[in-house]
Amino acid sequence: MERATDPLSVRERQVLQLIAEGKSTKDVASILGIGVKTAESHRSRLMQKLDIHETASLVRYAVRRGLVQP
C-alpha cells in the first residue's frame, strides 16, 4: 500500500482494521489501550476523512485497501 497517498494515520489504520474485523468501539479501545471516547474520535475522524457514512462502507474500504481479508 502506498503510504504517500494514504490519508490515514497509523492509529486510524489500526482502528479501521479492528472495525473491519467486526470489533465494537469498546473492543477497539480495549485492544489499543485507549479510552472509548478516544476510539470514537478516531472512528469519527476516519469517516470524515474518507467521506464514509456507515460502517459497512468502512469495511469495504478496508478490504479494498488490503487491511482485512473479505
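Modeller: Since the model is predicted, local features need pLDDT of at least 70 and side-chain atom pairs count only at pLDDT 80 or more, while totals for chains, interfaces and linings use all residues. Residues are numbered from 1 along each chain as its sequence is written, and side-chain values use heavy atoms, with hydrogens and water left out.

Colleague: How many helices and strands does the protein have, and what makes a run of residues count as one or the other?

Modeller: The protein has four helices and zero strands, where a helix is a DSSP run of H or I with at least four residues and a strand is a run of E with at least two, numbered from the N terminus.

Colleague: How do you know what span helix H3 should have?

Modeller: The expected span is 1.5 Å times one less than the number of residues; for the 15 residues of H3 (residues 36-50) that gives 21 Å, and because the end C-alpha atoms are 21 Å apart, the two agree.

Colleague: Why is arginine 43 called buried?

Modeller: Buried means under 20% relative accessible area, exposed over 50%, and partly exposed in between, with a 1.4 Å probe and protein chains only; arginine 43 has 18%, and therefore counts as buried.

Colleague: What makes the buried residues of H3 line one face of the helix?

Modeller: The buried residues are Ala39, His42, Arg43, Leu46, Met47 and Leu50. Seen down the axis of H3, they fall within an arc of 130°, so they line one face, the arc being that of the directions from the helix axis to the C-beta atoms. On the other side of H3, Lys37 and Gln48 are exposed.

Colleague: What covers the buried residues of H3?

Modeller: The cover includes helix H1 (10-20), helix H2 (25-32) and helix H4 (55-64). Contact means heavy atoms within 4.5 Å, and arginine 43, leaving aside its neighbours within four places in sequence, is in contact with Val15, Ile19, Thr25 and Thr55.

Colleague: What joins the side chains of arginine 43 and threonine 55?

Modeller: A polar contact of 2.6 Å joins them; the term requires a pair of N or O atoms within 3.5 Å, one able to donate a hydrogen and the other to accept it, and residues adjacent in sequence count only if both atoms are side-chain atoms.
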